[in-house]
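Hi,

Here is the structure I promised to pass on to you.

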Amino acid sequence: MKGYMGKVLMVDLTSGNIFEEDIPDKIYENFLSGVGLGAYYLYKNIPPKADPLGPDNILGFVSGLLTGTGSVVTGRWLAVAKSPLTGGWGDSNCGGNLSPAIKQCGYDGIFFKGISEKPVYLHIDKNGPRLYDASDLWGRDAVETEEILIDRHKDKKKCSVASIGEAAEKLSLISGISNDKGRMAGRSGLGAVMGSKKLKAIVLDGDKKIEGNDKEEIKRITKEYGNKVKKASFPNKLKGSMLPTMSRVMDMGSTYSPLNGMMSIPMMKRWGTIFTNTFGLPNGDCPVKNWDGSIKDFGYSKYKYMNPDIIIKREEKKYHCYSCVIGCGGICNVSDVTRGKFKETHKPEYETVNSFGALLLNKDLDSIYYINEIMNRGTMDTISAGNTIAYAIECYENGILTEKDTDGLKLTWGNSEAIVALAKKMIKREGLGDVLADGVKKAVESIGKDSEKYAINAGGQEPGMHDPRLDPILGIHFSADPTPGRHTVGAGQYYTYMRLWEHVSWAPKVKMRTPKENNYVPSSEVAIKSVANSCIKQIVDGSGGCLFAMISGLSNWRLFDYLNAATGWNITPDDYMLIGKRMQTLRQMFNIREGIEPMSFKMHDRIAGNPPLKEGPLEGKIVPIEDMMKNHWEAFGWHKESGKPLEETIAELNITNLLNI
Ligand code: SF4
């Protein structure tokens, strides 16, 4: 009764052998579950320098320590494997209902190694785990696959399915894994790992109980947070069209102050992440025109179509991931924009709308709904795909690509027809789509060195849709995290909202009226904040928590108390942060063992302001990223110049001993 199940399942797809492994309590006490359990298991079991698409790579589906314990907003799972996109540690966080289903089968993680001769899927129910032939499903999209498998294995309760579509089957390095008909574990290219193993899907139908230690305390925390979320609302009179003005007002002045993260909740409840599509344009948060433009290029005549009130007009019902009281998702009717081809789609996330909207100067919202659904079905990551199409458009506009290369597509800014056609080609690996299906870094190898200046990435991964020239701490996470280019690890803004300093003794307090310019200067304070972000995010990802609950503030969503109630450990937030540091250090050790030079993950010059933008809200902004990365590593106890974890840090965290358990 400690929240976790205490064992994992290993499926060897080459031999067909399936076996359970017990995981000692000590591992959970030092790495939690979720991403920590994944890092522990993969570091121990993947041989160094394994081919990410070969039999030695291990793909894991890991649940969170808090998932299913009665806690709320803790229903997220992660896919983990060596990433074929970056060559290092890979993970991808996803919602829906898969996380509890993993634990209901009796496991904290389900791992796969080897390569099957023919397509297969794994089914687990009360009779145990079995592999089935999936030849009839290979070639089908993820939504169809899920529907067929749910129908095939229908029992008293609906089973949970994760599957891949065409892009992943064709080993696109920017492909992901889908569950709940389009919730996507899109990052790190882990769909390709699943495709390489010829694993089409997993179907989970267990009925094991998940229990936390102190159920009453969990209930109390849940009630308290649930009430806060219920009460968090703003006047109905506030319209989506007012968001740009609100953003301008909030961005006025040259200082910032600590905030209560609950202020983000009403927006999430009403619109979901799409409120950022217009809120983030006036202050420069939303990247425009392949990260080289601004609101001046995507002005009112274009961004008015991205008003969240317009986007949610199609929303027919709200969507909540498992155990979520916020419910930022939605199911939208898209039968008219897809000419009857698809009935519905998950409400596109901000990331998708911006990647295929402002980033490409595309104001055609209908095309974005369509792309959202084909990407979900084909299981291709919209962030990477949008960045890659932006790269292709800039190549075309500058004569590096011609109509001969694009099969006649006029790849001009904002040409939605061409954008849709290219997105389809990428999923199918047709023509230019074949070159682009592996992301910008690989595309440069085919298209030519000259195009590197348009290939926006960090360590081979295309960055999420938030601009580090607005938030330099975000840039540190884009560049210094073992999984680069990720907007979900941390940012200065997240730090301000979650108020970690109220719990963790060494987390610097955000003072009233802190000059914004402070964040652009490499300093130990900035570095300690970014280290704190990294540590807390590992804890969240080890617990199954959602980033949006974390941002609502740790005095509101009481993660540390939840963990103590679930496990009975009764340790301090500082102790948990040490666990987070251990998890992050192990992820970095994984990369070092793979031969990665951490400085090679430094984000693309353009998004560090080299050269600086000449106009717009981020005009002249420069992020001294190299120095900031070095400070971050030093504050972590890693080598300041090389980014390698120091022997004394590894020893202090007891990692080597733990790996030998
Ligand atoms: S806030 Fe949104 S993404 Fe997070 S768990 Fe809830 S529904 Fe899922």
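Against which helices do the buried residues of helix 23 pack? They pack against helix 7 (215-231), helix 21 (524-543) and helix 24 (573-593). Please keep in mind throughout that this is a predicted model.

Helix 23 itself spans residues 559-567 and is mostly covered, with 7 of its 9 residues buried. Those buried residues are L559, Y562, L563, N564, A565, A566 and T567. Just after helix 23 comes G568, which takes a positive phi of about 75 degrees.

Next, the ligand. The residues around it are V73, G95, H320, C321, C324, I326, G327, C328, G329, C546 and F548. By class, the shell holds 7 nonpolar and 4 polar residues, and no charged ones.

Strand 9 (residues 160-163) pairs with strand 12 (residues 199-204) in the antiparallel sense over 4 bridges, and S160 stands opposite L204 in strand 12. Strand 7 and strand 8 are also paired in the antiparallel sense, over 6 bridges. A hairpin of 2 residues joins strand 7 to strand 8, and the bridge partner of D125 is G128 in strand 8.

Strand 3 (residues 59-62) is worth a look too. L59 and F61 point one way from strand 3, G60 and V62 point the other way, and all are buried. As a rule, side chains in a regular strand alternate between the two faces of the sheet. Strand 3 runs antiparallel to strand 6 (residues 109-113), to which 4 bridges join it; here F61 stands opposite I110. Strand 3 also runs antiparallel to strand 4 (residues 77-82), with 3 bridges between them, and G60 stands opposite V80.

I110 turns up again among the contacts of L9, a residue of strand 1 (residues 7-12). Is L9 buried or exposed? L9 has 23 other C-beta atoms within 10 Å, and 20 or more count as buried, so L9 is buried. Leaving out residues up to four places away in sequence, L9 touches I18, E20, Y107, I110, F111 and P129. L9 and E20 are 11 residues apart along the chain, and their C-alpha atoms are separated by 4.5 Å.

On the nonpolar core: the largest one has 198 residues, of which Y121, A392, L422 and A423 touch the most other members. Helix 15 (residues 382-397) gives the most to this core, with 9 residues. Leaving aside its neighbours within four places in sequence, Y121 is in contact with Y132, A134, L137, L149, L199, K200, A201, I202 and V203.

Finally, here are some backbone details to check. Most residues other than glycine have a negative phi, and most peptide bonds are trans. K198 has a phi near 60 degrees, a positive value in a residue other than glycine. This residue, K198, is found in the loop between helix 6 (190-196) and strand 12, and it is partly exposed, with 19 other C-beta atoms within 10 Å. R429, not a glycine either, has a positive phi of about 60 degrees. R429 lies in the loop between helix 16 (416-428) and helix 17 (432-436) and is partly exposed, with 18 other C-beta atoms within 10 Å. The peptide bond from N610 to P611 is cis, with omega near 0 degrees; P611 is found in the loop between helix 24 and helix 25 (625-636).

Best wishes

Methods
Residues are numbered from 1 along each chain as its sequence is written. This is a predicted model: local features need pLDDT of at least 70, side-chain atom pairs count only at pLDDT 80 or more; totals for chains, interfaces and linings use all residues. A residue is near a molecule or strand if its C-beta atom, placed from the backbone, lies within 6 Å of it. Ala, Val, Leu, Ile, Met, Phe, Trp, Tyr, Cys and Pro count as nonpolar, Asp, Glu, Lys and Arg as charged, and the others, Gly among them, as polar. Two strands pair if DSSP finds at least two bridges between them. A residue is buried if 20 or more other C-beta atoms lie within 10 Å of its own, exposed if 12 or fewer, and partly exposed in between; C-beta atoms are placed from the backbone. Two residues are in contact if their C-beta atoms, placed from the backbone, lie within 7 Å. A nonpolar core is a set of buried Ala, Val, Leu, Ile, Met, Phe, Trp, Tyr and Cys residues joined through C-beta atoms within 7 Å.
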